Amino acid sequence: MIVACNNSKCINKNRCQRYKLFKDGTKKWTTNGGTPEKGCKNFIEIKK
């Protein structure tokens, strides 16, 4: 199971499966360390 991420500051948020899950309403989430300049080590590319 992938844990969602609510980090809206992360540069990669629009390409990240974790942020998408959070926006879709997943109950289990965390905040990972991505910044506006750099993504985090927990990034998962959205599969199309």
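Me: Why is serine 8 called partly exposed here?

Reply: This is a predicted model, and in it serine 8 has a relative accessible area of 42%. Buried would need a value under 20% and exposed one over 50%, so serine 8, at 42%, is partly exposed.

Me: Where is serine 8 found, and which residues is it in contact with, leaving aside its neighbours within four places in sequence?

Reply: Serine 8 is found in the loop between strand 1 and helix 1. Once the neighbours within four places are set aside, serine 8 is in contact with Lys13 and Tyr19. The C-alpha atom of serine 8 is also separated by 9.2 Å from that of threonine 31, a residue 23 places away along the chain.

Me: What makes asparagine 12 count as buried?

Reply: Its relative accessibility is 16%. The cut-off for buried is under 20%, so asparagine 12 qualifies. Asparagine 12 lies in the loop between strand 1 (4-5) and helix 1 (17-23), and beyond its neighbours within four places in sequence it is in contact with Gly39 and Phe43. For the chain as a whole, buried residues make up 25% of the 48 residues.

Me: How do you know whether lysine 41 is buried or exposed?

Reply: Lysine 41 has a relative accessible area of 80%. Exposed means over 50%, so lysine 41 is exposed. Lysine 41 is found in the segment after strand 2 (29-30), and its C-alpha atom is separated by 20 Å from that of threonine 26, 15 residues apart along the chain.

Me: How many disulfides does the structure hold, and how do you know for cysteine 5?

Reply: The structure holds zero disulfides. For cysteine 5 the nearest cysteine sulfur is that of cysteine 40, 5.9 Å away. A disulfide needs the two sulfur atoms within 2.5 Å, so cysteine 5 is in none. Cysteine 10 is in no disulfide either, the nearest cysteine sulfur, again that of cysteine 40, being 5.4 Å away.

Me: Are cysteine 5 and cysteine 10 buried or exposed, and what makes them so?

Reply: Cysteine 5 has a relative accessible area of 7%, and cysteine 10 has a relative accessibility of 10%. With the limit for buried set at under 20%, cysteine 5 is therefore buried, and so is cysteine 10.

Me: How many aromatic pairs are there, and why is the pair of phenylalanine 22 and tryptophan 29 given the geometry it has?

Reply: The count comes to two aromatic pairs. In the pair of phenylalanine 22 and tryptophan 29, the ring centres are 5.5 Å apart and the planes stand at 75 degrees. Centres within 6.5 Å make a pair, and planes over 60 degrees apart make it edge-to-face, so this pair is edge-to-face. Ring pairs link Tyr19, Phe22 and Trp29 into a cluster. As for accessibility, phenylalanine 22 is partly exposed at 25%, and tryptophan 29 is partly exposed at 43%.

Me: Why is the contact of arginine 15 with glutamate 45 called a salt bridge?

Reply: The closest N and O atoms of arginine 15 and glutamate 45 are 3.6 Å apart. The limit is 4 Å, so the pair is a salt bridge. Arginine 15 lies in the loop between strand 1 and helix 1 and glutamate 45 in the segment after strand 2, so the bridge ties together parts 30 residues apart in sequence. Arginine 15 is partly exposed at 42%, and glutamate 45 is partly exposed at 41%.

Me: What makes aspartate 24 and lysine 20 a salt bridge, and how many salt bridges are counted?

Reply: Here the closest N and O atoms are 3.0 Å apart, which is within 4 Å, so aspartate 24 and lysine 20 form a salt bridge. The count comes to two salt bridges. Aspartate 24 is exposed at 55% relative accessibility, whereas lysine 20 is partly exposed at 36%.

Notes: Residues numbered from 1 in each chain as written. Predicted model: local features only at pLDDT ≥ 70, side-chain atom pairs only at ≥ 80, totals over all residues. Heavy atoms only, no water. Buried < 20%, exposed > 50% of the residue type's maximum accessible area, 1.4 Å probe, protein only. Helix = DSSP H or I, 4+ residues; strand = E, 2+ residues; numbered from the N terminus. Phe/Tyr/Trp six-rings, centres within 6.5 Å; stacked < 30°, edge-to-face > 60°. Contact = heavy atoms within 4.5 Å. Salt bridge = Lys/Arg side-chain N within 4 Å of Asp/Glu carboxyl O.
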